[in-house]
Amino acid sequence: NLQAFWAALEAPMVELTLPFLGDPRRGQPAQSRGAPRGGAGAPRVPPEQRLDLASALTAYTAGSAFVNRHDDTGTIREGALADLVVLDRDPFAGPPVEIGSTRVLQTFIDGRLVFAADDA
């Protein structure tokens with residue numbers, strides 16, 4: 001399951017999910033393994049349970065394309081569909097807790113600009 005928000009150890013997870021999972025190694029989802037956008041006081045799962053950022057982004061992009069049998073998308077390469085987003089920062093440059101504050105500046109579908117933020 002790559003819906004990483006399930007990994008944040010919050011009340012619904014504790015009350016509704018963990019009882020059915022037994023005793024998994026718990027606890028910014030995928031990468032930082034804590035609450036989204038750095039919520040204060042949220043317990044974290046052990047660091048060895050997290051995905052590195054490259055793996056998480058690959059799973060969301062190439063992995064999602066693969067499981068949906070979209071062989072012409074999911075990676076930036078010659079011959080692939082030109083569907084992509086331009087972000088306001090390099091997600092690899094800052095701490096994982098700041099990834100949730102990343103903004104989309106532009107979105108391209110089939111090589112055409114379909115969204116541009118007002119300040120882009």
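Visitor: How many helices and strands does the protein chain have?
Guide: This is a predicted model. Along the sequence, its elements follow the pattern α-α-α-β-β-β. The count for the protein chain is therefore three helices and three strands.

Visitor: Which strand does β2 join, and by how many bridges?
Guide: Strand β2 covers residues 104-109 and runs antiparallel to its partner, which covers residues 112-116. One of the bridge partners is R112, which pairs with I109. The partner strand is β3, and the number of bridges is four.

Visitor: Which residue in the hairpin of β2 and β3 takes a positive phi?
Guide: The hairpin has two residues between its strands. One of them has a phi near 55°. That residue is D110.

Visitor: Which residues gather with D110 in a patch of negative charge?
Guide: The patch lies on the surface. One member, D83, is found in the loop between α3 (53-67) and β1 (84-87). Patch members need over 30% relative accessible area, and D83 has 34% relative accessibility, so it counts as partly exposed. The residues gathered with D110 are D71, D72 and D83.

Visitor: How many salt bridges are found in the whole structure, and which residue pairs with R89?
Guide: A search of the whole structure finds two salt bridges. In the one formed by R89, the closest N and O atoms are 3.1 Å apart.

Visitor: Is D119 buried or exposed?
Guide: The salt-bridge partner of D119 is R103, which is partly exposed with a relative accessible area of 35%. The cut-off for exposed is over 50%. D119 has 54% relative accessibility, so it counts as exposed.

Visitor: What share of the residues in the protein chain is buried?
Guide: The accessible surface of the protein chain comes to about 8,300 Å², and 56% of that surface belongs to carbon and sulfur atoms. A residue counts as buried under 20% relative accessible area. Of the 120 residues in the protein chain, the buried share is 19%.

Technical notes:
Residues are numbered from 1 along each chain as its sequence is written. This is a predicted model: local features need pLDDT of at least 70, side-chain atom pairs count only at pLDDT 80 or more; totals for chains, interfaces and linings use all residues. Side-chain values use heavy atoms; hydrogens and water are left out. Two strands pair if DSSP finds at least two bridges between them. Patches are made of residues with over 30% relative accessible area and no salt bridge: like charges are joined within 9 Å, nonpolar side chains (Val, Leu, Ile, Met, Phe, Trp, Tyr) within 5 Å. Accessible areas come from the Shrake-Rupley method with a 1.4 Å probe; for residues, only the protein chains shown count as cover. A salt bridge is a side-chain nitrogen of Lys or Arg within 4 Å of a carboxyl oxygen of Asp or Glu. Lys and Arg count as positive and Asp and Glu as negative; His and the chain ends are not counted. The place of a charge is taken as NZ of Lys, CZ of Arg, CG of Asp or CD of Glu. Buried means under 20% relative accessible area, exposed over 50%, partly exposed in between (1.4 Å probe, protein chains only).
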